[in-house]
Amino acid sequence: MQAAQLDPLARSPRGLWSGHGIRVSRRRGPHRPHRGAATVCAGRFCVQRRDDLLSVEHDLNPAELSDALTSLLTEHLVDTEVLRGQAEFELVFTGVVRSTVDGSLASWLRFYRNSLTALERGATAFGPIHAEAAARVHGSRLLDLGSCFGFFPLRMARHIEVTATDLSASTMRLLATVSPRLQRPLTTLACDATSVPLPSGSADTVTALHLIEHLPDEVMTAVCDEALRLARRRVVIAVPFEDEPRECYGHVQRFDPARMRRLGDTLTARHPGVSAHTFDFHGGWLILDR
């Protein structure tokens, strides 16, 4: 989450969160019609723009607080063009989490516990992707690039040694704070995925799940090169297949099966002794083995 560079654990009033021109509050009681024409009611949300302030009111409860919020916000606020761009999406996401449960750490722990339960039951869109990635991990040391909230590293931390990385230092601090409380300890590292400050061959497997679609061509190739430098045995890359890159998620690349095969060919040519295997499963996959 690149927009939410503010402290995700900063104090805020009960049922209210604000930052960077965004104000999110949890509605208590039934929905009431709004007098002003500037307010848009979309599903579980009411949104108003006034000068430089975007106000969002919602009626979500703690049981609904999970990574499924991504789809909910997309359906009601992005696809209806109420929110504009990745920054607003990510800040509203943070605000909904923080305003739904009282207490900064308590809100994120509820979010993480709900999300992990649903993901590990396969009850979300990402559930099958995480299960497939877990089955592809070889060895006892995993390095995950572009971890964001770190759900996949947390899943794997129950079984093997895991290092989660992300460009966002605030997100890595959050993950480092919640992981021991979830009894899934792991190592976190805030860094650029093109230059990870670890020795070559630091992990048996390096994963990059739904990362490279966020990157322009030259950076994407550099990240893949870095993943191969860090991996002793295997690199696992997964991407979504989209008709158009989703701006609200920060996507700038579009992939299809042919594009994944070309990427594999490029990387095997650049790295002698590496083989590539591509397949389709809830998007595209590229497995690189030494």
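Biologist: Is Val47 buried or exposed, and what is its relative accessible area?

Modeller: Buried means under 20% relative accessible area, exposed over 50%, and partly exposed in between, with a 1.4 Å probe and protein chains only. Val47 therefore counts as buried, for its relative accessible area is 3%.

Biologist: What kind of model is this?

Modeller: Residues are numbered from 1 along each chain as its sequence is written, and side-chain values use heavy atoms, with hydrogens and water left out. Local features need pLDDT of at least 70, side-chain atom pairs count only at pLDDT 80 or more, and totals for chains, interfaces and linings use all residues; the model is predicted.

Biologist: Which strand contains Val47?

Modeller: Helices (H or I, at least four residues) and strands (E, at least two) are DSSP runs, numbered from the N terminus. Val47 belongs to the run of residues 45-50, which is strand E4.

Biologist: Which residues touch Val47, leaving aside its neighbours within four places in sequence?

Modeller: Contact means heavy atoms within 4.5 Å. By that rule, Val47 touches Ala38, Thr39, Val40, Leu54, Ser55, Val56, Leu77 and Val82.

Biologist: Leu77 is in that list. Which residues of H1 are buried, and what covers them?

Modeller: The buried residues of H1 are Leu69, Leu73, Thr74, His76, Leu77 and Val78. Their cover includes strand E3 (39-42), E4 and H2.

Biologist: How are H1 and H2 oriented to each other?

Modeller: Axes are lines fitted to C-alpha atoms, for helices over the stretch in contact, and angles run from 0 to 180 degrees between N-to-C directions. Angles under 35 degrees count as roughly parallel, over 145 as roughly antiparallel, 65 to 115 as roughly perpendicular and the rest as oblique. The axes of H1 (residues 69-78) and H2 (residues 85-100) come within 11 Å and cross at roughly 120°. H1 and H2 are therefore oblique.

Biologist: How do the residues of the contact of H1 with H2 divide into nonpolar, polar and charged?

Modeller: Ala, Val, Leu, Ile, Met, Phe, Trp, Tyr, Cys and Pro count as nonpolar, Asp, Glu, Lys and Arg as charged, and the others, Gly among them, as polar. Leu69, Thr70, Leu73, Thr74 and Val78 of H1 meet Phe89, Val92, Phe93, Val96 and Val97 of H2. The residues of this contact divide into eight nonpolar, two polar and no charged.

Biologist: Which residues of H7 and H8 make the contact between these helices?

Modeller: The axes of H7 (residues 217-230) and H8 (residues 257-270) come within 11 Å and cross at roughly 55°, so H7 and H8 are oblique to each other. H7 contributes Asp217, Met220, Thr221, Cys224 and Asp225, while H8 contributes Arg259, Leu263, Leu267 and Arg270.

Biologist: Is Arg259 buried or exposed, and what is its relative accessible area?

Modeller: Arg259 lies in helix H8. Beyond its neighbours within four places in sequence, Arg259 is in contact with Asp217, Met220, Gln253 and Arg254. Arg259 counts as buried, because its relative accessible area is 17%.

Biologist: Which residues touch the most other members of the largest nonpolar core?

Modeller: A nonpolar core is a set of buried Ala, Val, Leu, Ile, Met, Phe, Trp, Tyr and Cys residues joined through side-chain atoms within 4.5 Å. The largest has 56 residues, and the ones that touch the most other members are Phe111 and Tyr112.

Biologist: How many residues does the other core have?

Modeller: Another core lies apart from the largest one, with Leu211, Ala231, Val274 and Leu286 among its members. The number of residues in this other core is 28.

Biologist: What is the phi of His210?

Modeller: His210 lies in the loop between strand E9 (203-209) and H7. His210 counts as buried, because its relative accessible area is 15%. Although His210 is not a glycine, its phi is positive, at about 55°.

Biologist: Is Ala123 buried or exposed?

Modeller: Ala123 lies in the loop between helix H3 (104-120) and helix H4 (127-136). Because its relative accessibility is 59%, Ala123 counts as exposed.
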